[in-house]
Each structure stands twice: as C-alpha cells, then as structure tokens.
Amino acid sequence: MAETGTLHDAFIDELRDTYDAEKQLTKALPKLAKASSNPKLRQAFESHLEETQGQIERLDQVFESLGEKARGKHCEGIAGIIEEGKSIMEEDFDDTTMDACLIAAGQRSEHYEMAAYGTLVAWAEAMGHTEAAKLLQQTLDEEKAADKKLSGLAEGGINQGAADAARAEEDEEPEAVVAGGTRKSASKSGRR
Ligand SMILES: [Fe+2]
C-alpha cells in the first residue's frame, strides 16, 4: 500500500505549484505592461515583474531552508487566469476600458497568489518552519500591496474614465426606431 501523504508533502507540493505560478507570471506581466495605456498602470506591472523575480529567489531560499531541491510543478490555476488575460488583450476595447480589464486580470492573479501564500504561511507556521514562514510572509505582503496598488489605480480614475468613455459612446449611437414607430434615442434615458 502506498504511504499516506502528510501536511509536509502537501506543503512541498504547494510550494512547487507556486514556484511554477511565479515563473509563468514573469512571462505574463510584461504582456500586461505592454498592453497598458496608462503610464502608472504600466509602471505597476513592471515593478511587480521585478518583485516577482525576487519572489522566485525567495522561494529558492524557502526550498533550501527545508533541505528540498527547488523545482516547479505546472500550476494549472494560474495558467487559466493567464489564458483569460490573453483573451481580454485580444478584444477591441478603447484604451481606458482595456486598462480597466487589465487591472481585473492582474487582480485575479494577485488574489490567487494571496490565497496560495496565505496557506503556505499558515502551514509553515503550524509545522514550525519559522524561516520559511518569515520568507513566505514577506511575499504575501508584497502581493497584498500589489493588489492594493491596482485597486488604487482602478478607483483613482481608470474605472471612471472607462465608464465615461462608455457613456460618450452611448450618446453617439444613432436614434433607433422602437416598436410602435416612435423614434427614441438608443441611449438609455433616466441614467444621468
Ligand atoms: Fe507573485
């Protein structure tokens, strides 16, 4: 009979999954940066790319502190999130709407990572891996800060800019003929 896995095994497995997720993100973040129109947003993705490289090194240290070889295991979850981000980038949106969508895509990956690191910190603490817990907590804090920065950009103007662009677009729509023959503006009334 196969030996039963322990929390330690699950922990190493999660670390490998996260190691691979970070590596996938180092390839995806430059694409998000390139697709951004807002310079602050581009800067946010670029600086998170640098942070991500540091997070990979930190995971190397975590593996080392546990006497384990650093290696990844394909992370299907982040692959799916990156795939969704790619299809958003293929859409034909105005610049500000695209920025709002890039933030949404970026935040999906931040939240995925926050969940992963939150678990890793808790498990490391439960098993008494103090050094690993400390390193993982540093990354968790960085992920939270990156997420907050994206929220700040979205709420600090990008979402409103995209909403304004949508309204301007609505106002430009030609008058539509509605049932009954009366002409009515295609833009929805009573919304402003
Ligand atoms: Fe990360």
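Which residues in helix 3 meet which residues in helix 4? Gly-77, Ile-78, Ile-81, Glu-84, Gly-85 and Ile-88 of helix 3 meet Cys-101, Ala-105, Arg-108, Ser-109 and Tyr-112 of helix 4, where two residues are in contact if their C-beta atoms, placed from the backbone, lie within 7 Å. The model is a predicted one, in which local features need pLDDT of at least 70 and side-chain atom pairs count only at pLDDT 80 or more, while totals for chains, interfaces and linings use all residues. Residues are numbered from 1 along each chain as its sequence is written.

The protein chain has 5 helices and 2 strands, with helices (H or I, at least four residues) and strands (E, at least two) taken as DSSP runs and numbered from the N terminus. Along the sequence these elements follow the pattern α-α-α-α-α-β-β. The protein chain holds 192 residues, of which 30% count as buried; a residue is buried if 20 or more other C-beta atoms lie within 10 Å of its own, exposed if 12 or fewer, and partly exposed in between, with C-beta atoms placed from the backbone. Among contacts between residues at least 6 apart in sequence, 74% join residues at least 24 apart.

Two packed helices are described by the angle between their axes and the distance between the axes. Here axes are lines fitted to C-alpha atoms, for helices over the stretch in contact, and angles run from 0 to 180 degrees between N-to-C directions. The axes of helix 3 and helix 4 come within 10 Å and cross at roughly 180°. Helix 3 is therefore roughly antiparallel to helix 4; angles under 35 degrees count as roughly parallel, over 145 as roughly antiparallel, 65 to 115 as roughly perpendicular and the rest as oblique. The residues of this contact divide into 6 nonpolar, 3 polar and 2 charged, where Ala, Val, Leu, Ile, Met, Phe, Trp, Tyr, Cys and Pro count as nonpolar, Asp, Glu, Lys and Arg as charged, and the others, Gly among them, as polar.

Helix 1 has contacts with helix 2 and with helix 4. The axes of helix 1 (residues 7–35) and helix 2 (residues 39–65) come within 9 Å and cross at roughly 160°, so helix 1 and helix 2 are roughly antiparallel to each other. Their crossing is left-handed, a term used if the near helix is turned anticlockwise from the far one by less than a right angle, with right-handed used if clockwise. Residues of helix 1 in this contact include Leu-15, Tyr-19, Leu-25, Leu-29 and Pro-30, and those of helix 2 include Phe-45, Leu-49, Ile-56, Leu-59 and Phe-63. By class, the contact of helix 1 with helix 2 has 13 nonpolar, 6 polar and 4 charged residues.

With helix 4, the axis of helix 1 comes within 10 Å and crosses at roughly 160°, which means that helix 1 is roughly antiparallel to helix 4. This crossing is left-handed. Among the residues that make the contact are Leu-7, Phe-11, Ala-21 and Leu-32 of helix 1 and Met-98, Leu-102, Gly-106, Leu-120 and Trp-123 of helix 4. The contact of helix 1 with helix 4 divides into 13 nonpolar, 4 polar and 2 charged residues.

The largest nonpolar core has 39 residues; such a core is a set of buried Ala, Val, Leu, Ile, Met, Phe, Trp, Tyr and Cys residues joined through C-beta atoms within 7 Å. Helix 1, helix 2, helix 3 (76–89), helix 4 (95–126) and helix 5 (130–172) each give two or more residues to this core, and helix 5 gives the most, with 11 residues. Ile-103 and Leu-136 have the most contacts inside the core. Leaving aside neighbours within four places in sequence, Ile-103 is in contact with Leu-41, Leu-150, Leu-153, Ala-154 and Ile-158.

Ala-133 lies in helix 5 and is buried, with 20 other C-beta atoms within 10 Å. Apart from residues up to four places away in sequence, Ala-133 touches Val-121, Ala-124 and Glu-125. Cys-75, in the loop between helix 2 and helix 3, counts as buried because 23 C-beta neighbours lie inside 10 Å. Beyond residues up to four places away, Cys-75 touches Asp-17, Asp-20, Ala-21 and Gln-24. The C-alpha atoms of Cys-75 and Tyr-19 are separated by 8.6 Å, although these residues are 56 apart along the chain. Lys-34, in helix 1, is exposed, with 11 other C-beta atoms within 10 Å.
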